Amino acid sequence: MRSSSKNITLAIKESDGMAAFGERVSATPGILLRLREQLEFIQKAKNILEMKRDHLAAEVNKLLRDLSSNREEAEKSLTEAYDYLKISYSKLGHSGFSSVASSVGLVDVRTSVRTIIGVEVPKLIWPETVSEQQGSLENLLEPTARQAAEKLLLSLGKWLKLAEVEASVERISVELMMTNRKVNALQNIVIPNLTQLITRIEEQLEEEDLEDFFKAKKMKSIIRGKRH
Amino acid sequence: MTHLLRPDEIQKLVNADSVQRLAEQLMATDYSSEGELQGVAEMSRPRLEKLRASELEEVFLRKMVSRLFFISSISPVKVKEFVLAYSRRFEFENIKRVIRAKHSGEKVEQLIPLTKEQTLVNFEALLEAEDLATVIKMLPERRYAPSAESLNLYNEYNTTLVLESQLDKIYYRAVLLAAKKLKDRDVMRLIGMEIDVRNILTLLTMNVRKVKPELVEHLIIPGGTLRGGRLVSMVQTGIGEIQSLLEGTPFARSVGGAVEAIGGEIEMYRVEAALLAPFFERVKSTVNKSLGISYVMGYLIRSEIEAKNLIAITMAKQLKLSVDILQDIVLV
């Protein structure tokens with residue numbers, strides 16, 4: 001059992017079997033082995049996080065492309081719906097329009113959650129097709145009001161879709177940022193420090209080995225000298 | 001009909017820049033005696049700029065109602081019976097508004113203004129009613145109450161359309177009964193055409209907007225000039241065939257162009273305008289050739305159309321709707 005009085009300054013503290021920074025430890029082969037195992041593990045973890053980061057970035061870019069076209073569609077659909085609303089409102093007058101509007105039922109919008117690369121994002125479920133929307137319009141037969149209501153419902157669908165995409169972009173971006181920080185921390189701080197520590201321990205152990213070798217050689221020559 | 005607005009006056013209003021300008025133009029017409037418009041000339045500029053289309057709407061509705069009931073007050077007995085039956089349309093429209101509001105739990109925004117002398121229905125009590133069932137119980141049974149069948153359909157399909165349609169049937173039955181006693185073919189033809197317009201619009205909307213086809217026969221109002229079979233086919237047939245279904249009717253030519261989809265979309269306001277155009281032409285020709293009861297009928301219809309035109313123009317000015325579209329909505 002060899003122990004060294006020289007402790008490595010960039011030391012490690014064991015915690016749950018993992019290396020962390022903080023205390024001085026001895027430079028022993030056992031410690032060296034464990035450190036090498038930890039380095040390998042951390043490098044694998046860094047690779048996985050990099051892959052996650054790349055996937056998250058790709059997903060955000062895809063969503064951002066969708067976002068821009070979704071927003072344009074949503075705005076266009078709302079403008080169109082307002083045009084039809086204006087026609088119906090003019091035709092029926094304020095009191096007539098208010099009356100037919102009161103016969104429009106509520107739109108059933110439900111929320112759910114789905115995951116994208118482990119990130120929870122909201123999912124909205126609403127009647128997307130004309131036939132599914134009939135429920136809220138079943139009392140509305142005035143032709144211009146009905147057409148305006150259908151346009152509004154379709155537009156609502158596009159805004160809900162946009163909201164879904166925006167919320168997804170926000171959450172995935174936060175996760176991307178955190179993952180990036182972890183990757184950077186591992187790449188720029190943890191791995192270099194660990195590598196440096198391993199190198200210093202290796203050098204220390206080599207030095208000790210060399211010292212032992214020379215000591216053993218001297219002992220041998222002394223013993224041979226006495227015999228003669 | 002000299003106090004009704006002439007086509008050139010309507011056109012001038014269509015081209016007005018704003019609600020305020022429109023109100024100023026109306027000061028030179030029969031509307032200048034109405035409450036709000038009396039004050040328009042004296043309004044300060046800031047107040048005038050706040051003039052809303054909905055304020056003028058009430059003026060137009062009151063004028064329309066008062067004209068119709070004035071005619072009934074000066075008519076001989078048989079004609080009075082008919083004019084009163086015809087004028088009940090405002091009452092029925094108000095009942096429909098209450099029904100819609102109670103069904104959905106909303107408040108009634110505004111009713112067509114009717115004085116106590118102009119209606120048998122206690123609308124204040126109807127508005128206070130807790131729910132739709134109470135409203136129906138409160139309606140004077142003989143004249144207004146929907147049948148048990150329509151109530152069952154309402155409960156089955158959870159739609160007020162059947163109740164509204166039932167009210168329309170009650171209304172038109174009474175009008176046709178009163179009109180028969182006058183023995184005037186032109187009056188019967190005009191009422192029949194009006195019923196046709198309502199039925200065709202209902203069925204076209206059901207076809208184009210894919211509304212429940214099983215309700216069709218309950219929504220058709222009897223008494224029109226078009227027979228039930230032809231009407232029912234309008235729900236099932238392709239929209240392009242509608243014109244051939246209307247062959248031989250006054251509506252065929254005008255509807256043909258309107259039901260063509262523009263950019264894949266059928267504009268319902270154009271379809272409605274196309275259906276109303278031949279009806280309005282018939283009204284004008286009836287008025288021009290007769291001085292009897294059909295002249296009175298023509299006056300009643302034109303008064304109502306004038307009110308609707310003015311409401312449409314005023315709202316369109318406030319909403320900055322294009323003049324092209326407004327020209328389609330307004331009947332001149």
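## A walk through chains A and B

From the N terminus on, the elements of chain A run β-β-β-β-α-β-β-α-α. That makes three helices and six strands in chain A. Helices (H or I, at least four residues) and strands (E, at least two) are DSSP runs, numbered from the N terminus. This is a predicted model: local features need pLDDT of at least 70, side-chain atom pairs count only at pLDDT 80 or more, and totals for chains, interfaces and linings use all residues. Residues are numbered from 1 along each chain as its sequence is written, while chains are lettered from A and ligands numbered from 1 in the order in which they are written.

Chain A has 228 residues, and 27% of them are buried. A residue is buried if 20 or more other C-beta atoms lie within 10 Å of its own, exposed if 12 or fewer, and partly exposed in between; C-beta atoms are placed from the backbone.

Next comes the contact between the chains. Chain A gives 23 residues and chain B gives 32 residues. Two residues are in contact if their C-beta atoms, placed from the backbone, lie within 7 Å. On the side of chain A that touches chain B, H1 (29–101), H2 (130–137) and H3 (143–227) each give two or more residues. The largest share, 10 residues, comes from H1(A).

Now turn to chain B. In helix H6 (residues 77–87), the buried residues are B:Val79, B:Phe82, B:Val83, B:Tyr86 and B:Ser87. Seen down the axis of H6(B), these residues fall within an arc of 130°, so they line one face of the helix. The arc is that of the directions from the helix axis to the C-beta atoms. An α-helix has 3.6 residues a turn, so residues three or four places apart point the same way. Among the elements of chain B that cover the buried residues of H6(B) are H5 (53–74), H7 (89–104), H12 and H19 (293–319).

H7 of chain B also holds B:Glu91. B:Glu91 is buried, with 21 other C-beta atoms within 10 Å. Not counting residues up to four places away in sequence, B:Glu91 touches B:Leu114, B:Thr119 and B:Val121.

H12 (residues 161–180) of chain B has a contact with H11 (residues 148–157) of chain B: their axes come within 8 Å and cross at roughly 160°. That makes H11(B) roughly antiparallel to H12(B). Axes are lines fitted to C-alpha atoms, for helices over the stretch in contact, and angles run from 0 to 180 degrees between N-to-C directions. Angles over 145 degrees count as roughly antiparallel. H11(B) brings B:Ser150, B:Leu153, B:Tyr154 and B:Tyr157, and H12(B) brings B:Val162, B:Leu163 and B:Gln166.

Note on methods: Parallel < 35°, antiparallel > 145°, perpendicular 65-115°, else oblique.
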